[in-house]
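Here is a short report on one protein chain.

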Amino acid sequence: MLSMFKLQDLKPSSDWILEDSNEFLTKKCKDVTFPLNSKDSLLVNRMVNYIDACFENRDSELDIRAGIAVAAPQVGCDKKIIYIHFVDAYDKEHKLLLANPEIVATSVACCYLKDGEGCLSVTKNHRGHVKRFNKIRVKALDMLNNNKPITVDAEGLLAICLQHEIDHLSGILFYHRIDKKHKYLDDDKSLIVY
């Protein structure tokens with residue numbers, strides 16, 4: 001039986017987020033089964049409250065690092081759950097709490113972020129670009145809609161964000177994907193830059 005995720009109001013704290021030196025972040029996550037146990041439910045609530053506080057521009061007030069997305073292992077939960085909440089360059093709001101997300105299709109075209117990727121768990125600067133698919137299709141369970149199956153067709157920043165967070169579920173951090181011999185992709189005119 002599927003059970004709807006219940007949102008609690010929690011005050012975000014910087015100590016909720018594990019740093020990349022913690023080997024927990026290198027482990028593969030497990031599939032989510034419902035209902036969530038009380039520990040996992042608390043940790044997912046931390047994910048949502050943290051990112052929503054950033055979305056509301058309360059990061060400075062709360063003394064937390066700003067971010068637009070988080071994956072469950074970053075808060076110490078070993079389940080395949082990601083949360084994304086931001087407004088894109090076209091003023092479209094993206095708010096997704098996904099369980100068991102899986103990339104099922106990708107574009108041929110690739111892209112990268114001009115300023116490089118960042119991560120709430122990574123405090124050290126890792127210079128370089130991460131090559132990502134420009135468009136992807138993700139299938140998952142929508143935890144904001146009673147765990148119903150959902151298909152997300154994403155492009156640009158949303159696609160990059162989804163790939164970044166789904167990588168976390170396999171123990172992969174963004175800097176693992178930076179080519180050490182060719183850190184910058186500026187000369188590759190076939191890539192879309194955001």
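## Aromatic pair

Phe174 counts as buried, at 5% relative accessibility. Buried means under 20% relative accessible area, exposed means over 50%, and partly exposed lies in between (1.4 Å probe, protein chains only). This is a predicted model: local features need pLDDT of at least 70, side-chain atom pairs count only at pLDDT 80 or more, and totals for chains, interfaces and linings use all residues. Residues are numbered from 1 along each chain as its sequence is written, and side-chain values use heavy atoms, with hydrogens and water left out.

The structure holds 1 aromatic pair. Its rings belong to Phe174 and Tyr175; the centres are 5.7 Å apart and the planes stand at 80°, so the pair is edge-to-face. Rings of Phe, Tyr and Trp (its six-membered ring) pair if their centres lie within 6.5 Å; planes under 30 degrees apart count as stacked, over 60 as edge-to-face and the rest as tilted. Tyr175 also counts as buried, at 17% relative accessibility.

Phe174 is also one of the residues that Cys119 touches. Contact means heavy atoms within 4.5 Å. Leaving aside residues up to four places away in sequence, Cys119 touches Arg65, Gln74, His164, His168 and Phe174. Cys119 sits in the loop between β4 and β5. Helices (H or I, at least four residues) and strands (E, at least two) are DSSP runs, numbered from the N terminus. At 8% relative accessibility, Cys119 is buried.

## Nonpolar cores

The largest nonpolar core has 26 residues. Such a core is a set of buried Ala, Val, Leu, Ile, Met, Phe, Trp, Tyr and Cys residues joined through side-chain atoms within 4.5 Å. Leu36, Val44, Met47, Tyr50, Ile81, Leu97 and Met143 have the most contacts inside this core. Two or more residues come from each of α1, β2 (81-87) and β3 (93-106). Helix α1 gives the largest share, 8 residues.

Tyr50 touches Pro12, Ser13, Trp16, Ile17, Ile64, Arg65 and Leu120, not counting residues up to four places away in sequence. A second, separate core has 20 residues, including Ile84, Val138, Ala159 and Ile166.

Of the 12 residues of α3, 11 are buried, so the helix is largely enclosed by the rest of the structure. Among the buried ones are Leu158, Ala159, Leu162, Gln163, His164, Ile166 and His168.

Which residues does Ile136 touch, not counting those up to four places away in sequence? They are Ile103, Ala105, Thr106, Val152, Asp153, Ala154, Ala159, Leu162 and Gln163. Ile136 lies in strand β6 (residues 135-142). It is buried at 4% relative accessibility. Ile136 and Val152 are 16 residues apart in sequence and 8.1 Å apart in space, C-alpha to C-alpha.

## Salt bridges

Side chains of opposite charge can pair when their charged atoms come close. A salt bridge here is a side-chain nitrogen of Lys or Arg within 4 Å of a carboxyl oxygen of Asp or Glu. By this rule the count is 10 salt bridges. Three of them are tabulated.

| Salt bridge | N to O distance |
|---|---|
| Arg58 and Glu56 | 3.1 Å |
| Glu61 and Arg58 | 3.9 Å |
| Glu117 and Arg132 | 2.9 Å |

The Glu117 and Arg132 pair links distant parts of the chain, 15 residues apart. Glu117 is in the loop between β4 (110-112) and β5 (132-133), and Arg132 is in strand β5. Glu117 is buried at 10% relative accessible area. Arg132 is buried at 3% relative accessibility.

Arg58 is partly exposed at 27% relative accessibility. Glu56, at 46%, is partly exposed as well. Glu61 is exposed, at 60% relative accessibility.

A network of salt bridges links Lys30, Asp40, Asp78 and Lys79. Asp40 lies in helix α1 (residues 38-55) and is buried at 5% relative accessibility. Not counting residues up to four places away in sequence, Asp40 touches Cys77 and Lys79.
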